[in-house]
Each structure stands twice: as structure tokens, then as C-alpha cells.
Amino acid sequence: MAFEPPRRLVRALGESAPDGDGWLERLPEAVERAAASRELAVERVQVPGGRSSLVMLVRRPDGTPAVLKLAPPRARPESERAALAHWGGLGAVQLLEPAVTEGVLVLERLHPDVSVRSLPEAKALLEAAGTLRRLWVEPPGDHVFETVAERTARQAAVMRGASAEVAGLVDAALAAREELVAAPPEQRLLHGTFRQSKVLAGERMPWLAVGPDPVVGECAFDLARLVRDRVEDLIASPSGAATTRRRVKRLAESLDVDQERLRGWTLFRAVESGVRALRVGRPKDGELLLEFAGWL
């Protein structure tokens, strides 16, 4: 099957695995094999698509619209499948095939071009937060999901090698993490990469989450990424710092999360993302994120 992988995917995979592992080269054959074995009719590649997987709009043998998603092992597709199965369609996209075969997921089709990001900011935050609340459930008793402490420990180890120019922010973020992981208030199944663009319009429910990288830990960790949504607009606004602090307060209150813990996780996640952006050659993104982190 001849097709061009979306540029966003190619660029992101190049950042996360600069030496390559051959997954992109094998992708056309994998798509053809996955579609043929399920008798799926491929309509088109979803563009711009995601940063860690290929998403294709397909139809099942009975004509039902669906999504065929292929992800490399480092994107943890089995973990995504387990989380989607546990949520059972409540607040998240429905899994249409119980098993993951060679990194393939078959999912309910939502409206891929309509996310809550298309709404006015206040309404978008409200709808996104409501969706997130439905995902915060007890994890399965025998789960094998990564924990917040484990994930952030890996990230912290990389952050310690950041340049001297950002050492102050990195030290503050690492100190916040140490305090936060010492005594988490709850253990919930979290989306892991939640933001406005991860909430799409659906038929079963108005809004449903997609693309989790699930993790088990406290709710404030999941909410932290939402705080910095539309960071470009925040940085461009003369009242950006004040707006950010109000957003932390409003989201914490609306979802019964401790405000200081949310502020701490927002700081850590913004600095981690900023340092990573600088490391892989995206200086503009890195500078925006670190300026945002400085407001916290």
C-alpha cells in the first residue's frame, strides 16, 4: 500500500529515536497486512495525525466507520489497549478489537477534525476537565501500568543533564517532583498525555478522549498538562502569568485537586517538556515552555 506517513509523525519519531528502528520503513507493509487480515477498507490517512502512531480512517466489513491505529513498541500500544479496555468507552474512545496484534488497534471512529480546542477557551477547559474526571478510576488490581513515580524518575534523570542556562528551573522542578512523589494522595488510572487536542467529538457522547499513554498515580499529574494548553496564546498575552495562575486555581477547584500539588506538577511537566524540546532541536518550543514554567 503506497502512502506518505504524516510529517508530524516522521519528525516526532526522528526526535525520539534518531538512530531509527526501521518501523517507518516497514509501515506500508504493516498497514496493508493489518487492513487485509481484518477486511478493512482504507479511506485515508488522518493528517496531521499523532506524534507516536499512524491513524487511518477505515470501514469494517459491514460498512461501520472505524479507525486503524498502528504504533511502534516504544509508544506502548499494549498499555493503551489495556487502559481503553478498562475504561470501556466511558469518557474515552471505544476499543473495537480486544487484542493488540503487532501494535495495531481498531477503534471507534470519532470526528477527527473536531476537538474541544475548537471551542472558546473557557468552554474548552470546562469540557476537557469534565472528560478527564470520567477517566480517573481505580486501576485494575493486577495492572502493569507504569506509575507516575517511575515515569517521572526516568524524565528527571535526563533533565539533570540540561544546560547551565536552565539549571535554576530544572532544580526547582526536580525539587517539586521529589516532594510530590513522596506522598501521593491517591492512585488512579490516568490518561497520561491529556490536553485539549486529545478530546474529540463523538456520536455516543459529545466528547471522548483519545491517545492515552496511561500511567497510575495522582490526578494532579494528569491535570497539569491541561494547565498549559494554548501556551502560545498565554505567552503572547500581557496578562499571561496572571491567567495561568487563575487557571491553576480554577481547574484545581473544579476537579477537587490540591492547588499546590497541581502547581508543582505543572512546573515539573513544563520544564521537562521544555528541556526535551531544546535537546531535540526545537528551541522556540523550549523557550516558550520554560518562560511559562517561570510563572509558576
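Select arginine 109 and glutamate 43 to start: their side chains meet in a salt bridge (3.0 Å, N to O). A salt bridge here is a side-chain nitrogen of Lys or Arg within 4 Å of a carboxyl oxygen of Asp or Glu. Arginine 109 sits in the loop between strand 4 (104-108) and strand 5 (111-115), and glutamate 43 in strand 1 (residues 41-45), so the pair ties together parts 66 residues apart in sequence. Arginine 109 is buried at 19% relative accessible area; glutamate 43 is partly exposed at 39%. Buried means under 20% relative accessible area, exposed over 50%, partly exposed in between (1.4 Å probe, protein chains only).

This is a predicted model: local features need pLDDT of at least 70, side-chain atom pairs count only at pLDDT 80 or more, and totals for chains, interfaces and linings use all residues. Residues are numbered from 1 along each chain as its sequence is written, and side-chain values use heavy atoms, leaving out hydrogens and water.

Next, select helix 2 (residues 23-38): arginine 33 and glutamate 29 are four residues apart there, about one helical turn. Helices (H or I, at least four residues) and strands (E, at least two) are DSSP runs, numbered from the N terminus. The two side chains form a salt bridge (3.4 Å, N to O). Arginine 33 is partly exposed at 38%; glutamate 29 is exposed at 53%.

Move to glutamate 178 and arginine 177, another salt bridge (3.0 Å, N to O). Which of the two is buried? Arginine 177, at 7%. Glutamate 178 is partly exposed at 45%. Then select Arg76, Glu146, Arg151, Arg154 and Asp213: salt bridges with shared partners join them into one network.

Finally, zoom out. The protein has eleven helices and nine strands.
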